[in-house]
Structures are given as structure tokens and as C-alpha cells.
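Me: I would like to go through some labels attached to this model and see what each one rests on. Please start with the pocket.

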Amino acid sequence: MQQFYTAESVTEGHPDKLCDIIADSVLDACLARDALSRVACEVLATKGHIVVAGEISTLVQPDIPGIARDVLSRVGYDPARFTVHDLTHRQSPDIAAGVDHPLEQREGSAAAGSAHQLGAGDQGVMVGYATDETPEYLPLPVVLAHRLTKTLTVVRKSGEVFGLEPDGKTQVTVEYGENGRPLRLDSVVVSTQHSPRLDHDSLCRIITDRVLVPALKDLPPDKDTLVLINPSGRFVHGGPEADTGLTGRKLMVDSYGVFAPHGGGAFSGKDASKVDRSGAYMSRYIAKNIVAARLAHRCQVTLAYAIGRAEPVMVEVETFGTGTACADDCLAQAVRRVFKLTPAAIYVALGLFSPRFAETAAYGHFGRREFPWERTDKVKALLDAVAE
């Protein structure tokens, strides 16, 4: 039976993404001066105002208004048109105590040691996913949607064309065949903010030639593909002037779209003691290595944590019937043997002390080789663990 799957992406100038980038830029500024910073930064963007709130405990307080204005400028907005409000304060001492002194340590557990130096900064469920249908180990609609928004931004910033503005979004629907593999491109939607001097016909030609053709080279439109460019007809007013933005409001854009459930916790603005972020990165790392080891064609890894406890309370592997070597519970046992899953161990394994998070905020947190959770260096260890 043929099926259709859809994924969307937004540009860095989308109001919600603008907030994510500001929040992660604040985090990076803290980590650059203090690798042990605790940051939970939330941002709201609306007409004329950027509000930065949340909890920040760090040795050197960052220049939050300066950071926000720099992001606005880099994305393509005029920072002079915004007032930045800094409403941040220090992290709760109760949360800090649970992170600094995990439950295993407080109970004198025999397992307590260097790997248990940090407790989870919150409870939560984190999901990682991987599939072998693309080189990125992501579903093709997700890859194409992000490629479209990235190309749209590159074309705008390079000055290749006149009249494109920062705000925009894309959506891609792919038809899958009976074998569960991508068959054809069913529909493409591109909505981009533009100058009032750029008429609709000219915009369509620009987007088709400079964005659609290069971004969709892996699965080009056919004669039956529905292509919609600015279907509302006019998109001159955009960004925070037209639509209020918030951090953490593009969870499925950040992860896997409709292809995997989301635990509910946002990524941006949070240091790695918050397992909403670090646990999600680790679960992706595990799932990708399982698929890269050819132990499954598709894999979903779910981790769950309790606040103040170092070890996860749940590790689950689901291969959707595509497992090739053993049952899913066997894979879950292999995961526990190969991967250290405490927050402190995840910090070290994935290099999460480094100020690199602003790079993740737009165009997806996964499928990009520059990030350490995209490595496939645990393939042999997983194969050995399954063979035992």
C-alpha cells in the first residue's frame, strides 16, 4: 500500500527559530567563559521587542542585549527596531543540588562514581530515530525540507537574487512505495518573505531556478508533483513584526517530523545537564549507530530520566520489525553495555561542554556531520555486544 509522509522546515528568520538562535547564542556565550554553566534560556520575539528570560548560573554573565542584537543582524533584521529585555536570574538551588549531587551519590550506591557526578536536570522522555533511506540516516522528506530552507537562506544572504527577506518555511510530501522506500515527490510548498517590489511571477521563477532545482536534485518533481510557491499570494510582512516567536515551538522541525514521537522537551537554550537536550542527542547517536551497524533498517531509541538521578529509568529500542540480528530487547541490553547513559558520561562522549549550540538551532539538530552525535563510531562495539 502506498503511503504519503510530510515534513516541514523553517528558515532562521522565522520568529520561532530566531528565538531558538538567540537562546542558544546566550548558552554558547556562557559556555565560552564557563564550561560548567547552567542555562535554561527562553526567548520571546514580537514587534519591537525581544524578551529573554530563564535561569542562568555562570561565572561571567553574558551581554544578553548585545547577543540578541548580533543575532538579529546576522539573520537579516534591523536590531535598531527592537528593545531587548533581560529578565534572567540564577538557577533554583533545589534543581542545582539534584544535578550536583545525584540520587545514587546521596544513597551511597555502590555504582556511584565518576560517571555519576551529575544528576539529570529534569525528568523526561527523549526519543532518537534513524533510517537507512538516506545518507543522513533521516527520512527523505525531513532532509529535503531542511535542504530547501537552507538553500533559500543561502541564496538570500549571498545576494544572488534581489528581494528575498529572512522569514520563510517549506513543506515536502513524499509518496512511499509498498516496500517502504521513497517513490516520488508528491508536493512541495515554499513560503518566503519578500520585498514589495518583487512580483509573484518573478518570485516563482527565482525560487524554482535557484532553490527548488538544486535542493530537490535527489528526488526532482515530476509532471504530477504539486508545487506551491507563496500560496497565500503575498508575504511582505514577516518575522516578529507579523508573528510572535517563542523558543521551543518547532519541536518536530528540530527532530524527525511525523516519523518519530517527541518526548516533549525543547532543545534550544538548555545546557547539557538538561536531558531534554543531551538525552535526545544520545538517543539519536545510539539509533544511528544501530542502523549503521545494519542491525536494523529503522530504529527508534527511547530514554527516560528522573530529575536528580544519573542513570536512566528506561532504555527502549524499537526496530519496527526491521531488526536483522536479534530481538529489540536484546538490542536494548547491548545499548546499556556499549553506551554510558548518565548526564556526565553523555557530556564527555558528545563533547557537550563546547559552545557549539547556536549552530544547531536552525535546519535541524540531526543529519549534519559536523555534530558529534552524528558519528557512527560504535558500530563494532554494538556488533560485538550483540554477538556475546
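Reply: The model is a predicted one. Its largest pocket has a volume of about 410 Å³.

Me: Which residues line the largest pocket, and which lie nearest its centre?
Reply: The lining has 18 residues, and Glu136, Phe366, Gly367, Arg368 and Arg369 lie nearest the centre. Helix α5 (residues 140–158) gives the largest share of the lining, five residues.

Me: How many residues of the lining are nonpolar, polar and charged?
Reply: Nine are charged, seven are nonpolar and two are polar. Asp, Glu, Lys and Arg count as charged, so Glu136, Arg368 and Arg369, which lie nearest the centre, belong to that class. Phe counts as nonpolar and Gly as polar, so Phe366 and Gly367 fall in those two classes.

Me: Why is Asn230 called buried?
Reply: Its relative accessible area is 1%. Buried means under 20%, so Asn230 qualifies. Asn230 sits in the loop between β8 (226–229) and β9 (245–246).

Me: What is the phi of Asn230?
Reply: Phi of Asn230 is near 45 degrees, a positive value in a residue other than glycine.

Me: How do you know that Tyr363 is buried?
Reply: Tyr363 has a relative accessible area of 9%. That value is under the 20% cut-off, so the label buried applies to Tyr363.

Me: Where is Tyr363 found, and what is its phi?
Reply: Tyr363 is in the loop between α10 (343–350) and α11 (379–387). Its phi is near 70 degrees, again positive in a residue other than glycine.

Key:
Residues are numbered from 1 along each chain as its sequence is written. This is a predicted model: local features need pLDDT of at least 70, side-chain atom pairs count only at pLDDT 80 or more; totals for chains, interfaces and linings use all residues. Side-chain values use heavy atoms; hydrogens and water are left out. On a 1 Å grid over the protein atoms alone, a cavity is a set of points where a 1.4 Å probe fits but cannot get out, and a pocket is an open set with protein on both sides within 12 Å along at least five of seven lines; lining residues have an atom within 4 Å of a point. Grid points are joined across faces, edges and corners, and a volume is the space filled by probe spheres set on the points. Helices (H or I, at least four residues) and strands (E, at least two) are DSSP runs, numbered from the N terminus. Buried means under 20% relative accessible area, exposed over 50%, partly exposed in between (1.4 Å probe, protein chains only).
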